[in-house]
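Trainee: Hi! Please walk me through this one, starting wherever you like.

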Amino acid sequence: MSKIKEAFKNDTAFIGFITAGDPTIEKTVEFILAMDEAGCDLIEIGIPFSDPMAEGVVIQEANVRALKHNTTTDDVFEIVKRVRQKTNTPLVFLTYINPVFFYGYEKFFKKCNELGVDGIISPDLPYEEKAEIQDIASKNDVDVISLIAPTSKQRIQKIASDASGFIYVVSSLGVTGMRSEIKTDLNSILEDIREVTDLPLAVGFGINTPQQASNIGKIADGVIVGSAIVKIIEEHGENATEHIKEYVSTMKKASNQKII
């Protein structure tokens, strides 16, 4: 069993996201370990990028803050190195393909393998171009995580049929960000995906309340939360650790219980 699949083996996995370098390299390490301690089963680490087109305002601004501190891809690898000294929880990079291309595919995925990065999510990598990194990533034991948005059934099944690690199911059209209501017919989408794969299905985009986490946890294998955690860091800066712990703990519990 891969480390990523291991994250889903017991109950509904809670997956948290954080932007590397916001507010500092040292604090990112601290925050990731706090998320791990509070119950994250898998952690997504965002590599800062100047044009994060799939992100809402909260994560866009986190990218700006991280880049103002000159956070580089090598800095992000250093974060992983420090985190790996204290935890084996699965780690996945969320990155646009441009930074990976300029770093060099071979060099990037070799480094992932050496330091213990288990997967990569690239929002701007079309399914049709996935082969560009698939073989190199696989050779280095890095899963290329597929994203599936509310779209045609034929395309859903095409993407799901050769996915690996887990499938990131996008709850809503548009960019990331906290939403008061998720109206997509997720049950139908999840059923379509399960027709062609037995990979874990994790739902993200917009989830930020315990009630939403509970609702998603009843139908999916994983609940993904990003903007709400990044917003806590925006509000509390270097003092966000305990706030992150409390929030992640609450959301983890909600993902695995029925809230009326």
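Mentor: Let's begin with Asn70, in the loop between helix H3 (57-68) and helix H4 (73-84). Helices (H or I, at least four residues) and strands (E, at least two) are DSSP runs, numbered from the N terminus. This is a predicted model, where local features need pLDDT of at least 70 and side-chain atom pairs count only at pLDDT 80 or more, while totals for chains, interfaces and linings use all residues. Residues are numbered from 1 along each chain as its sequence is written, and side-chain values use heavy atoms, leaving out hydrogens and water.

Trainee: Where does Asp141 sit, then?

Mentor: Look at the loop between helix H7 (131-139) and strand E5 (143-148). Asp141 is not a glycine, yet it has a positive phi of about 60°. Its relative accessibility is 59%, so Asp141 counts as exposed.

Trainee: Switching to peptide bonds: is the one from Asp22 to Pro23 cis or trans?

Mentor: That bond is cis, with omega near 5°. Pro23 belongs to the loop between strand E1 (13-19) and helix H2 (25-38). As background, most peptide bonds are trans.

Trainee: Let's do rings. How many aromatic pairs does a search of the whole structure find?

Mentor: The search turns up 11 of them. One is Phe93 with Phe108, a tilted pair with 5.8 Å centre to centre and 45° between the planes. This pair links distant parts of the chain, 15 residues apart: Phe93 is in strand E3 (residues 91-94) and Phe108 in helix H6 (residues 105-115). Both Phe93 and Phe108 are buried.

Trainee: And why are Tyr168 and Phe205 called edge-to-face?

Mentor: Their ring centres are 6.0 Å apart and their planes stand at 90°, so the pair is edge-to-face. The chain positions are 37 residues apart, with Tyr168 in strand E6 (residues 167-170) and Phe205 in the loop between strand E7 (201-204) and helix H10 (210-219). Tyr168 and Phe205 are both buried. For the labels, rings of Phe, Tyr and Trp (its six-membered ring) pair if their centres lie within 6.5 Å, with planes under 30 degrees apart stacked, over 60 edge-to-face and the rest tilted.

Trainee: Which residues form the aromatic cluster?

Mentor: Phe77, Phe93, Tyr103, Phe108 and Phe109 make up one cluster.

Trainee: Phe109 is in H6 too, I see. What does it meet H7 with?

Mentor: Tyr105, Glu106 and Phe109 from H6 meet Glu132, Ile133, Ile136, Ala137 and Lys139 from H7, where contact means heavy atoms within 4.5 Å.

Trainee: Which residues of H2 meet H12?

Mentor: Glu30, Phe31, Ala34, Met35, Glu37 and Ala38 do. Their partners in H12 are Thr241, Ile244, Lys245, Val248, Ser249 and Lys252.

Trainee: Further along H12, is Thr250 buried or partly exposed?

Mentor: Thr250, in helix H12 (residues 241-255), has a relative accessible area of 38% and so is partly exposed. Its side chain reaches the backbone oxygen of Glu246 at 2.9 Å. Between the C-alpha atoms of Thr250 and Gln157 there are 34 Å, for 93 residues along the chain.

Trainee: Back to H10. Which residues there are buried?

Mentor: Gln212, Ala213, Ser214, Ile216 and Gly217 are. Their cover includes helix H9 (186-194), E7, strand E8 (222-225) and H12.

Trainee: Last one: what does the side chain of Ser146 make a polar contact with?

Mentor: The side chain of Lys130, at 3.4 Å. A polar contact is a pair of N or O atoms within 3.5 Å; within protein, one must be able to donate a hydrogen and the other to accept it, and residues adjacent in sequence count only if both atoms are side-chain atoms. Ser146 lies in strand E5, and at 5% relative accessibility it counts as buried. Leaving out residues up to four places away in sequence, Ser146 touches Lys130, Ile159, Ala163, Phe166, Ile167 and Tyr168.

Technical notes: Buried means under 20% relative accessible area, exposed over 50%, partly exposed in between (1.4 Å probe, protein chains only).
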